[in-house]
Amino acid sequence: MLPWLTTTRKIMRAKSARQIGMLVATSCMTIGAVQAAALTPEAAQTQAAASYKEYLDLLSIPNDSIVPEDIQRNVAWLEQAFRKRGFTTQSLDNDGKPMLFAEYPGKQANRKTVLFYMHLDGQPVIPSQWQQKSPWTPVLKQKGANGNWEEIDTSKLFSGTVDPEWRVFGRSSSDDKGPIMMMLAAIDALKGANGQPAVNVKVILDSEEEKGSPSIAKVMKAHRDLLACDAIVIHDGPMHATNRPTLVFGNRGAAKARLVVYGPKSPLHSGHYGNYAPNPAQRLATLLASMKDDTGRVTIPGYYSKVKLGEAERKIMAAVPDDEAALKRRLGIAQTDKVGKNYQEAMQYPSLNVRGMAAAAIGDKVANIVPDKAEAELDLRTTPDSDAAYLGKLVEQHIVKQGYHLVSGTPTDEDRAKYDKLASFTYQSEGGNAAGSPIDSGVAKWAYAALTGTFGTHPDPVRIRMMGGTVPTAEIVEVLKVPFVIVPLVNADNNQHAANENLRLGNYSSGVRTMYGLLTEGF
């Protein structure tokens with residue numbers, strides 16, 4: 001039923017002038033919120049265009065979080081950008097790499113407070129891998145007839161119609177400076193309409209997300225009262241591949257592990273000692289192969305046993321419109337691992353991934369030797385029910401069951417004389433832990449209403465139970481004790497973390513609409 005009609009009927013039933021006055025006031029607020037939420041695509045595009053110069057300026061500031069000076073420059077720039085729009089700001093100390101807090105004026109006690117989390121740092125770059133002058137010099141590109149991305153004059157952003165398929169290439173264009181600028185553009189649109197948010201707005205910009213947010217819990221504990229809120233919205237990660245409005249209710253965590261298998265005390269001539277001295281590279285390959293079967297499933301007992309999926313969860317996952325045939329084509333694979341029945345189900349389970357291996361050398365530096373050791377770096381994607389300690393211990397126990405004696409560091413002569421198979425294995429959490437939030441929580445319903453109010457229900461927003469990537473949700477929620485929802489805004493094929501990271505401009509303007517809808521939807 002329309003809000004104004006509902007209120008009219010209530011007014012007709014009111015028994016006093018005071019009740020009528022309160023209902024009229026409520027009606028005005030409700031109707032105003034509905035009007036404010038209706039940001040048209042054309043208006044969003046106009047507002048996006050007005051912010052492009054700032055966006056390009058922000059992308060031009062290097063932001064690898066291992067460089068405190070660069071982080072400080074980003075914080076200083078963003079602090080001014082938020083202040084220009086009326087926010088009060090505070091730089092939160094973090095050992096030379098501050099985080100930025102911002103709060104929109106006009107806080108009201110009768111409104112819910114939402115904390116919007118984004119991050120201002122980016123992944124390291126290898127400039128030679130980028131198809132442009134510099135990752136820190138953003139460029140505009142369009143796809144040519146040959147299917148390749150071709151650079152075009154950036155001035156096109158400011159002179160006429162912008163093609164939504166154009167993309168801005170540069171480090172952090174999508175992850176995560178794009179969403180920050182979308183919020184600022186949405187605030188500009190709200191102020192231009194003489195509107196006010198329907199929620200109290202707080203913002204926290206992380207400075208070390210790409211390094212696993214090692215300090216986020218410490219900073220939040222130190223400023224718990226400042227960051228107090230009723231719910232958290234996280235703007236990170238990619239939208240669904242269909243580019244439909246997307247809501248995510250959890251994320252996997254990350255742990256890292258290092259496995260070293262030891263051979264002889266020093267590299268040996270393979271002619272003299274091949275067939276005699278055991279080769280650690282071969283042994284490492286065999287050991288790793290023992291951890292998974294040919295379908296990609298981890299064979300270590302108990303690795304998946306804590307994950308419990310019911311019919312309700314499977315129904316949610318089945319509703320996600322994944323085109324798995326197209327996904328396989330894009331990835332260039334003929335078959336998928338068989339951990340889950342489909343992509344969404346696969347993301348619900350912990351993973352064991354070999355992310356790097358090394359033994360001696362290959363290519364021009366190869367030598368005819370039996371190596372002295374072989375190493376593997378692993379990443380374990382954790383789930384809310386299977387954390388790093390649980391999974392790491394299972395892998396460690398499996399290594400021992402394969403006949404290995406585990407040492408700390410380089411084996412001693414006594415170790416070498418006593419044990420045939422020697423290895424070291426270490427593991428620890430890397431970045432955020434896994435986290436989940438109910439799909440029917442208050443913040444989930446509010447965000448869903450904002451998206452459907454903005455984009456409609458045909459088709460419905462995509463709702464994903466848990467995404468594969470990691471953000472520091474668990475650490476934030478542990479401190480603030482409130483529910484969360486993840487609202488991705490950027491195109492799925494944005495190359496985040498890799499060379500040639502990009503943001504589709506159609507996503508930029510739709511992201512402005514999404515932000516505007518969240519800001520103007522009553523909670």
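User: What makes the reach of helix H4 close to the one expected?

Analyst: In this predicted model, H4 covers residues 68–84, which is 17 residues, and its first and last C-alpha atoms are 24 Å apart. The expected span is 1.5 Å times one less than the number of residues, and for H4 this comes to 24 Å, so the reach is close to expectation. After the helix comes Gly-86, with a positive phi near 100 degrees.

User: Which residues of H4 are called buried, and what covers them?

Analyst: The label requires under 20% relative accessible area, and in H4 it goes to Asp-70, Ile-71, Asn-74, Val-75, Leu-78, Glu-79, Ala-81 and Phe-82. Their cover includes helices H3 (41–59) and H5 (177–192), together with strands E1 (88–92), E2 (99–103) and E7 (200–206).

User: What is Phe-82 in contact with, beyond its neighbours within four places in sequence?

Analyst: Contact means heavy atoms within 4.5 Å, and the partners of Phe-82 include Phe-87, Leu-100, Ile-180, Met-183, Val-203 and Leu-205. Phe-82 is also among the residues with the most contacts inside the largest nonpolar core, which has 63 residues, and others in that group are Phe-116, Val-203, Leu-205 and Trp-446. Helix H5 gives the most to this core, with ten residues. A second, separate core of 31 residues includes Tyr-304, Val-307, Met-317 and Leu-352.

User: Why is Glu-501 called buried?

Analyst: Glu-501 has a relative accessibility of 1%, and the cut-off for buried is under 20%, so Glu-501 counts as buried. This residue sits in the loop between strand E20 (484–486) and strand E21 (502–504).

User: How do you know that the side chain of Glu-501 makes a polar contact with that of Arg-171?

Analyst: The distance is 2.7 Å, and a pair of N or O atoms must lie within 3.5 Å, one able to donate a hydrogen and the other to accept it, so the pair with Arg-171 qualifies. A further polar contact, of 3.0 Å, joins the side chains of Glu-501 and Ser-174. Beyond its neighbours within four places in sequence, Glu-501 is in contact with residues including Trp-130, Val-168, Asp-175 and Asn-494.

User: How is the chain divided, and how many residues does each domain give to the contact?

Analyst: Domain 1 comprises 41–251 + 434–520, and domain 2 comprises 253–307 + 349–430. Their centres, taken over C-alpha atoms, are separated by 38 Å, and the contact takes eight residues from domain 1 and six residues from domain 2.

Notes. Residues numbered from 1 in each chain as written. Predicted model: local features only at pLDDT ≥ 70, side-chain atom pairs only at ≥ 80, totals over all residues. Heavy atoms only, no water. Helix = DSSP H or I, 4+ residues; strand = E, 2+ residues; numbered from the N terminus. Buried < 20%, exposed > 50% of the residue type's maximum accessible area, 1.4 Å probe, protein only. Core = buried A, V, L, I, M, F, W, Y, C linked by side-chain atoms within 4.5 Å. Domains from an automatic or database assignment.
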